[in-house]
Amino acid sequence: MLTLMVTTLGLAHAQGLPSCFATGTEPAADGEADAPTSLDDTTLQAAAAKVLPLVEKHAGRVFTTPPKVTLAEGQAFRDVVAEENRLIYDRIFAASPEEVRHRLAEETAWGAERGVLGKYGVFTDTLYMSEGPLRMAASTLPGDRMDDVLLVILAHELTHALQDQHIPMDALLDDVDDQDALWAASGSWEGFATWVEQQVAHELGLDDVFWGMTKLQGWGEEGLQEPMAFQTWAVYGQGRAFVEHHQAKGTEHLWTVLAHPPHRTWMLFEPERYTADPPPFPVDFTPALTGSEHKLTSKKPWASLITTVGDVELRGEAILGHTEDELDEVMAHLVHAQKLESVLPDRSVEARVMLFDDTTWPRRYLDLLRAQAKAEADRKGDAYDVPIELSYVDFPLENITVDDSTLRTTRIPIGGGRHLEARAAWVVQGRMVLVVRAERFRPGLRLGWAIEHLLTGLEGIELPAAVP
Ligand SMILES: [Zn+2]
């Protein structure tokens, strides 16, 4: 699921409910209050009965039992979302204490009720349809299309239910190791639900509704439309393309792929290279990354995740930084990339390690980082209509000698002479680039401590050989 929890948490990579249709934006609260409440249970059940056989036809499987369909309501719906969040966060936020993971799961469940059009509850085997968001979505199309939007979204959610009956979703989630793997696997089930949704919409003469719904997610027939929606497009849009590729090889092949979802996001972009068993990573930076957040602020209940930095993340950054043309070349020389990302309510940090196959590429990657920082400052400057200060200075480290060390500072004026600040240390050491970023607080000397913590940890990790 990709929804408002991104902005609530400030953690752009934490979301990932296995089975829902969410837009990238929250419906306006005032519009919601005025919305008519005419969606009754009889209408809902009739719509589900109409769509169900079409879902079976296009998905190529039949329901063992028709799933329950109900209107999403209040606490019961939030409980469903919170329970699934806990399952996901226990895996993705494994680097955080249990109480932090559970708090996050509860927090992100609030808001789901307003940002999610429909959702299939993995633990309740029930479809929840949310009238306010559905009406908001319908209002973006000409005329009164509420009934049509309901049919199309039901097709999507029923596909999740059908898949879950044949391939239990909780077992699939058990195999997901990190955020990149979650995005990749989500691309298979969201892509499948989106592909079936498209076929059902087409059969019902509702192509315009299907593309109207993807537009709300920031993508369309021509691909990505809204650069900020890159991750949503990667999971739903590229996921749809991934499923289309495998569906063309036959229904049996597709269901085999669905039972063994991709675990690396590059497979969403290159579906012909999909494999159920990708080679293991050549190195694991987890021991070095672990604990970096505590060097930046001590004794705080950080919510932390450690993940592979894969194609979705790197391509998304390149799109926003207008560096797509250079990215492929740099990525071809990337051996492995991993990061730790942590948030507190008032601040966030990231520590990233990128290993290249020779010493040329770290500096090329720094060029991309500079271009991305400039583009981000320009975009925020336009959005807030204020000048954003972006500066670079040398960043000497006290106890360790490195090849290159730069401190980037971004300052956004927020009135009264005050600024929102972000700092990032970029360090080149041999074939590696280390990035430590601190947002909305001044880490001071602690930024250097975090870099030293990383470098010390990396000394104990054997790197795969360089290209001769
Ligand atoms: Zn979905």
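**Exercise 1.** Work out how far apart the centres of domain 1 and domain 2 are, taken over C-alpha atoms, and what each domain gives to the contact.

*Solution.* The two centres are separated by 32 Å. As for the bounds, which come from an automatic or database domain assignment, domain 1 is 5-273 and domain 2 is 286-459. Before going on: this is a predicted model, where local features need pLDDT of at least 70, side-chain atom pairs count only at pLDDT 80 or more, and totals for chains, interfaces and linings use all residues. Numbering starts from 1 along each chain as its sequence is written.

Next, the contact (C-beta atoms, placed from the backbone, within 7 Å) takes 23 residues from domain 1 and 19 residues from domain 2. On the domain 1 side, the elements giving two or more residues are H5 (98-109), H10 (179-203), H12 (230-247) and H14 (266-269); helices here are DSSP runs of H or I, at least four residues, numbered from the N terminus.

**Exercise 2.** Find which residues make the contact between H10 and H11.

*Solution.* Start with the axes, lines fitted to C-alpha atoms over the stretch in contact, with angles from 0 to 180 degrees between N-to-C directions. Those of H10 and H11 (residues 207-216) come within 7 Å and cross at roughly 145 degrees. H10 brings Glu-197, Gln-198, Ala-201 and His-202, while H11 brings Asp-207, Val-209 and Phe-210.

**Exercise 3.** Decide whether Ala-248 is buried or exposed.

*Solution.* First place Ala-248: it sits in the loop between H12 and H13 (251-259). Then count: 10 other C-beta atoms lie within 10 Å, so Ala-248 is exposed (12 or fewer; buried takes 20 or more, partly exposed is in between, with C-beta atoms placed from the backbone).

Terms used
Two residues are in contact if their C-beta atoms, placed from the backbone, lie within 7 Å.
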